Amino acid sequence: MAQKHQSHKGELLLQERRKTPKELIDAIPQFIDSNMPQQHADFFAGLSYLPLATLDQQGRPWVSILVTTSDDDPSVGIKVLGGNTTDVVAETNPYDPFARALQQDLASAEEARLFAGVGVDFSNRRRNKIAGTIGESIVENTGKVRLRLHSDQHLGNCPKYITERRLAHFQRAAELSYDSFDTITSALPASAKALVDRASTVFLATRHIAESDASDTLTDMGVNHRGGAPSFTRIYEEVEGDQVTTYLVLPDHSGNRFYQSLGNIETNPQVGLVFPDFITGHVLYVTGEAENLFAEKAETLMPRVSLLTRIKVTGAVFVADGLNLKLTSEEQFSPYNPPVKLLRQELEQMGHSAMPYDDAAAISATLVSTQVLSDNIKTFTFKLSSPVNAPLPGGFGVFDFSGILDVGYSHMNEANPQLVNEDYIRTWTLSSAPRYDPKFNTFRGTDHVNVTVKRKPGGLASNVLHDNADKHIDRNLPVVFKGAGAGFSCFAEGHDGTPPSVPPKMLWIAGGVGITPFMSMWDGIQQVAKANPDQTSTDIVLMFTGRDDDIGVLNHFASRHGSLPDQVKLSIVAFQSVSSHPSAARSVRDGLRETLSDNLRNLEERRMKINDFRTVADLSEREVFMCGPAALMNWSEELLTELNVDESRRHRETFTF
C-alpha cells in the first residue's frame with residue numbers, strides 16, 4: 001500500500017531541536033514520492049552496486065552493499081518493472097548478514113519483510129533513496145541474491161560528503177574473519193577497527209515502528225549514506241574485566257534537515273552499518289543500539305560537536321575480500337567534508353585537555369592590539385573580561401567567533417563548501433606566557449592573551465583578523481573565550497614551592513607558524529630564569545624553517561627580560577625558503593643577524609637537511625619538541641629515528657584539536 005510520508009514524532013523532535021523551519025517541515029511530504037519517478041527508475045537500472053538493508057528475526061537492521069554487475073553472469077543486474085516493482089539479482093558473499101537475515105523466518109507470518117536502500121553512483125556523487133517491502137527473495141549458497149522489491153518511498157538526495165571514486169567488478173574469494181551474527185557481542189577485532197578508522201564511507205540503516213496501525217506513518221526502514229574525511233567515524237572501547245563494549249561515534253554533518261535517520265533512532269535505537277574498504281575488498285557489517293546526543297552531552301564526548309550519534313556495537317561480521325568490487329581510480333574526497341573531530345578522551349591522551357568555562361559566565365575576548373611579524377603573520381592581543389588560569393607556556397586557547405561571523409544555515413555552498421559545517425571556533429596556541437609570580441614560584445592567571453596567526457588562503461577567521469583588526473579594535477567587538485588547555489609544554493609544575501622546571505637540554509623543531517608554542521615557552525623560561533637564576537639551567541637549540549619573510553618571527557627570541565643567567569642558552573639555526581621578493585627576504589635575514597647576534601648560530605637560504613641534525617651537540621640527550629606542518633614533523637621523526645634519538649624523548653604538537 002502506497003503511503004504519503006508524514007514526519008513521525010522522532011523526526012519532529014529532531015526538527016524542533018535543530019530549528020528546521022516550519023515551512024520546510026510542512027513541505028517534506030512533497031519531496032518523498034510514493035511512486036518511483038522515471039529518473040529514479042533510469043538511475044537504479046544503471047547501478048553497479050546497491051546498498052540495501054533488511055531486518056533479521058530479532059528485528060535488528062543489517063545493511064549490505066550488493067554488487068549488481070558481473071563480468072561472468074549476465075543475469076546480475078537491476079530491472080525496474082514498473083508499478084514500483086524492481087527485480088534485483090546481485091552478488092554478495094556467503095557470510096553477508098543481509099543475505100542470512102533473508103533466509104530467516106519472519107517473527108510473524110503476517111508481517112511484510114521490510115527493506116530500504118540508497119542508490120549511490122560514486123563516479124558522479126548522485127544518490128537516491130528507496131524503501132518498501134520485499135515480495136520474494138532467494139539466496140543461493142554462493143551468496144547470490146534474487147529479490148523482488150515493492151517500493152513506496154523514493155527520495156532524491158544531495159551529493160554532499162560522497163567520496164568520488166570509480167569501481168569495477170572484481171571476483172574475490174571471501175573469507176570469514178569474525179562472526180557474531182547469531183550472538184550478542186560488542187568486541188571488534190583489530191582488523192575491523194582499523195577498517196572503521198580509515199573509512200570515508202559508511203551506510204546507516206534505521207527503522208521506525210508505528211505506534212498503531214492507524215498512525216499516519218507506517219512501520220518502515222531507511223538507509224542513508226554517511227561520509228566524511230577518512231576516520232570521521234570515531235571508535236572507542238569501555239573495558240570492565242573481560243567485558244569489552246565498543247562504541248562508534250558519528251558526528252552529524254549539516255544535511256537537508258529532514259532528520260529521517262536520526263528521527264528513527266529517537267523511536268527505535270536499533271541500527272545497522274556497513275563499512276566497505278574499496279581498496280582491499282574487506283567489508284565490516286555492524287548492528288547495534290544507537291542514541292543521539294545533543295548539546296552539552298555531545299560536547300562532553302566530542303568537543304565542538306552539538307549533535308552526534310553513538311552506537312553500542314551488539315553484533316558484527318567481518319569478511320575479508322567480501323566485496324566483489326575494486327577501485328579503478330583515485331579517491332576524491334568531498335569538498336564539503338569538515339575536519340575530523342576527535343573524542344575528548346583522544347584529545348586528553350594527546351595532552352590537549354581543555355579547561356572549558358561555564359557558558360552561564362562566559363568570558364569574552366576583545367581584540368586590543370596587533371603586531372606585524374611578517375606579511376602573513378601577526379600577533380593579536382586579546383583582553384579577557386575575567387582573568388583565567390592560563391596553562392603552562394605552550395598551551396592553547398579556544399575562541400568562538402560565531403557571534404560575529406555566523407550567517408546561519410545553508411544547505412549547499414559551492415563557492416565555499418567548508419562554510420556549510422563551519423562552527424566558527426578556533427583553537428590557537430597562546431603565543432604569550434602568563435605572568436610569573438616569583439613570590440609563589442608559579443604562573444599566575446591573566447586577563448590578556450596573545451595568539452600569533454598566519455593568514456590562511458581561503459581561511460575564514462585568519463583573514464577576518466588580518467583584514468579587519470582595526471575595525472574590531474575600534475568597535476570593541478568581543479568573541480567568546482571558551483577555555484584554555486595545556487598539553488605541549490617543556491615546563492613541569494614545581495612542587496612544595498619550587499619553581500617550574502624545564503629539561504636541561506632541548507631541541508626545538510618548528511616550521512612556519514608552528515613556532516608559536518616556542519614563543520611562549522621562551523618567554524616563560526626567561527621569566528623563571530630571571531626569578532630563579534641559581535635553579536634554572538637549560539641549553540636549547542631551535543631549528544626553524546620558514547618561507548620568505550616569515551622567518552621574521554624569530555625576532556621574538558631576542559631577550560625580552562634583560563640579561564639571562566649563563567646557564568640558560570639558546571642557539572638558533574634557521575632555514576629560509578624564498579619563493580618571491582628575494583630582496584625583501586634578504587633584508588629580513590640581515591635584520592635577524594643583527595637582532596639575534598648573540599643567539600643566531602646559522603641562517604641559510606635552503607632547506608633543512610639531516611646533517612643539520614647531526615651537528616646538534618648531545619642530540620641523543622635532548623628532549624625534542626616539534627611543532628609545524630605534518631610533513632616536516634614526519635620527516636623529522638624519521639631522521640631522529642635514524643640518529644637513534646629515543647622515542648620517549650620526542651614530543652610532538654598537532655593542529656588536530
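**The whole chain**

Begin with the entire protein in view, and bear in mind that the model is predicted.

Next, colour the residues by accessibility. Buried residues make up 55% of the 657 residues. The accessible surface comes to about 28,500 Å², and 46% of this surface belongs to carbon and sulfur atoms. If contacts are displayed between residues at least 6 apart in sequence, 76% of them join residues at least 24 apart.

**The cavities**

Rolling a probe the size of a water molecule over the atoms shows where empty space is left. How many cavities of 30 Å³ or more are there? The count comes to six.

Turn to the largest cavity, which holds about 190 Å³ of space. Select Lys129, Gln153, Met221, Gly222 and Gln260, which are the closest to its centre of the 22 residues in the lining. Then highlight β6 (126–139), β7 (145–157), β10 (201–208), β11 (220–227) and α6 (260–267), the elements that each give two or more residues to this lining. Which of the elements gives the most to the lining of the largest cavity? It is β11, with four residues. Coloured by class, the lining of the largest cavity shows seven nonpolar, 12 polar and three charged residues.

The second largest cavity has a volume of about 60 Å³. To find it, select Leu204, Arg226, Leu250, Pro251, Asp252, Leu262 and Thr309, which line this cavity. By class, four of these lining residues are nonpolar, one is polar and two are charged.

Select Thr245, in strand β13 (residues 243–251). Is Thr245 buried or exposed? Its relative accessibility is 16%, so Thr245 counts as buried, the cut-off being under 20%. Leaving aside residues up to four places away in sequence, Thr245 touches Ser186, Tyr236, Glu237, Glu238 and Lys312.

Proceed to Gly485, in strand β26 (residues 478–486). Gly485 counts as buried because its relative accessibility is 0%.

**Two residues in loops**

Select Lys19, in the loop between α1 (9–17) and α2 (22–31). Although Lys19 is not a glycine, it has a positive phi of about 60 degrees. With a relative accessibility of 66%, Lys19 counts as exposed, since that term applies over 50%.

Finish at Asn84, in the loop between β3 (77–82) and β4 (85–90). Asn84 is likewise a residue other than glycine with a positive phi, here near 65 degrees. Is Asn84 buried or exposed? Asn84 counts as buried, because its relative accessibility is 15%.

Methods. Residues are numbered from 1 along each chain as its sequence is written. This is a predicted model: local features need pLDDT of at least 70, side-chain atom pairs count only at pLDDT 80 or more; totals for chains, interfaces and linings use all residues. Side-chain values use heavy atoms; hydrogens and water are left out. On a 1 Å grid over the protein atoms alone, a cavity is a set of points where a 1.4 Å probe fits but cannot get out, and a pocket is an open set with protein on both sides within 12 Å along at least five of seven lines; lining residues have an atom within 4 Å of a point. Grid points are joined across faces, edges and corners, and a volume is the space filled by probe spheres set on the points. Ala, Val, Leu, Ile, Met, Phe, Trp, Tyr, Cys and Pro count as nonpolar, Asp, Glu, Lys and Arg as charged, and the others, Gly among them, as polar. Buried means under 20% relative accessible area, exposed over 50%, partly exposed in between (1.4 Å probe, protein chains only). Contact means heavy atoms within 4.5 Å. Accessible areas come from the Shrake-Rupley method with a 1.4 Å probe; for residues, only the protein chains shown count as cover.
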